Amino acid sequence: MFGKRSSTGEGAPSARSAPPALSTATPRQATPSASAPAQPPPVVAETVRPESYYSTKAMVFGALIEALDLSQLSKLDAERARTEIRDIVNEIFAVKNLVLSMNEQEELLDDICNDVLGFGPLEKLLIRDDIADIMVNGADRTFIEVSGKIQLTNIKFRDNAQLMNICQRIVSQVGRRVDEASPICDARLMDGSRVNVIAPPLAIDGPALTIRKFRKDKLTLDQLVKFGAISPEGGEILKIIGRVRCNVLISGGTGSGKTTLLNCLTNYIDDGERVITCEDAAELQLQQPHVVRLETRPPNLEGSGAVSMRELVKNCLRMRPERIIVGEVRGPEAFDLLQAMNTGHDGSMGTLHSNSPREALGRLEAMITMGGFSLPARTIREMIVSSVDVIVQAARLRDGSRRITYITEVLGLEGDVIITQDLFLYEINGEDADGRLRGRHRSTGIGRPRFWDRARYFGEEARLAAALDASADENLI
């Protein structure tokens, strides 16, 4: 035991009149959006508690901070620190003569331990694997995304100061900071979940925290087929594309599942290949034994020391990579990625934001132009055609489902126009009584894609032919 109090509780504030005993309230359901068709009732994250709970918690928390020796606490592992905090809080209960039931004491103890050692009220959301996104809009409103639908929860923070402290605790784990001087920050949790924080004065109603959670169990292409994101034949084609070292761009809008799909494709990289990943916030979860993970760095307090994505991609070329994986292409690093794809680093992959394969090519050209490269448009397009083999388009549909809507090959140039051909596409046929979209993945009937010779070189010709034949038979049904 340690702390700034004796075994009789000396050092804790003197006892005052005890607050009223806490009572358990009935859970309150968040109101579903009126525009959402047949939306199920929101999942309530915790029981609604009376105001006396929060006033008691604030009083106990203040007494705990006075009694704790934080310098000693930081030297303990998480389990011993939690035990120490529980001992001190129990003493505070006794000194202040708080009348609480056992359940109320346990809830209060857990909440306070999470506040001191973890991420406070967020802990209950972070342990749930069914949540895709957590969106905190100030201290009093927290939303989650479950099954493609946004739902309001009952999670709330003591005040905006507590929320800001939690934001700072999250970003400091990866060596970043967020405050009034630097109010915007991109970071990640230790499990790779993506984090964005925007703080006052830019966020008017209090800090806005967004967490894109990663599943603990990594999705595979077979699971995407099971979920209906792609047909079995299309899934087989994607496995072959990943195996035979096609250069792939994964295109899609925000929240469409680009990073998840990129993770799935990297499953088919051979264990003997050296892979280097470049990301703004390290999210990719490659399972190969020979992976080097690189992450950009923001500027320091003096505004220097930043390391951009372009510098990472350029440095990759000196690290003897066999494949380069860029988490997201959003600037002039597009030029360096295309150079890598076209100089012996076959099988490189990246993601970018766009709404169709054709638009992805236009955005790629625009990013190179914005980088200050004074190249003729035709030269840039020739570079794109010689570098990119396949574009996989992901989309989040209006019912919240995610689908792979196109698998498209880049064929070449006719004049100044880039020619593409679709191998698979997703057709929407209508919606059911619950508002869920109905559709199917359809092969366009291409019997010999451009990467056929590459598949033959890697011994995948028979699998490719079988998948194409099966998709052609499916079209006849």
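Trainee: In what sense do β4 and strand β5 pair, and over how many bridges?
Mentor: Happy to start there, keeping in mind that this is a predicted model. Strand β5 covers residues 194-198, and in it Arg194 stands opposite Arg188. The pairing of β4 with β5 is antiparallel, and the count of bridges is five.

Trainee: Which are the edge strands of the open sheet of six strands?
Mentor: Let's read the order across the sheet, which is β3-β2-β1-β6-β5-β4 with antiparallel pairing. From one strand to the next, the twist averages 15 degrees. The strands that pair on one side only are β3 (149-152) and β4 (184-188).

Trainee: Why do the buried residues of helix α10 lie on the same side?
Mentor: Good one! In α10 (residues 309-316), the buried residues are Met309, Leu312, Val313 and Cys316. An α-helix has 3.6 residues a turn, so residues three or four places apart point the same way. The buried residues of α10 pack against β8 (275-279), β9 (291-295), β10 (323-326) and α11 (333-341). They sit on the same side of α10 because the arc they cover around the axis is only 95 degrees.

Trainee: How is α12 oriented to α13, and what is the hand of their crossing?
Mentor: Helix α12 (residues 357-370) packs with helix α13 (residues 377-387) at an angle of about 125 degrees, their axes being 10 Å apart. Angles from 65 to 115 degrees would count as roughly perpendicular and those over 145 as roughly antiparallel, so α12 is oblique to α13. Residues making the contact include Leu361 and Ile368 of α12 and Ile380 and Ile384 of α13. The orientation is oblique, and the crossing is right-handed.

How values were computed. Residues are numbered from 1 along each chain as its sequence is written. This is a predicted model: local features need pLDDT of at least 70, side-chain atom pairs count only at pLDDT 80 or more; totals for chains, interfaces and linings use all residues. Side-chain values use heavy atoms; hydrogens and water are left out. Two strands pair if DSSP finds at least two bridges between them. Helices (H or I, at least four residues) and strands (E, at least two) are DSSP runs, numbered from the N terminus. Axes are lines fitted to C-alpha atoms, for helices over the stretch in contact, and angles run from 0 to 180 degrees between N-to-C directions. Buried means under 20% relative accessible area, exposed over 50%, partly exposed in between (1.4 Å probe, protein chains only). The arc is that of the directions from the helix axis to the C-beta atoms. Contact means heavy atoms within 4.5 Å. Angles under 35 degrees count as roughly parallel, over 145 as roughly antiparallel, 65 to 115 as roughly perpendicular and the rest as oblique. A crossing is left-handed if the near helix is turned anticlockwise from the far one by less than a right angle, and right-handed if clockwise.
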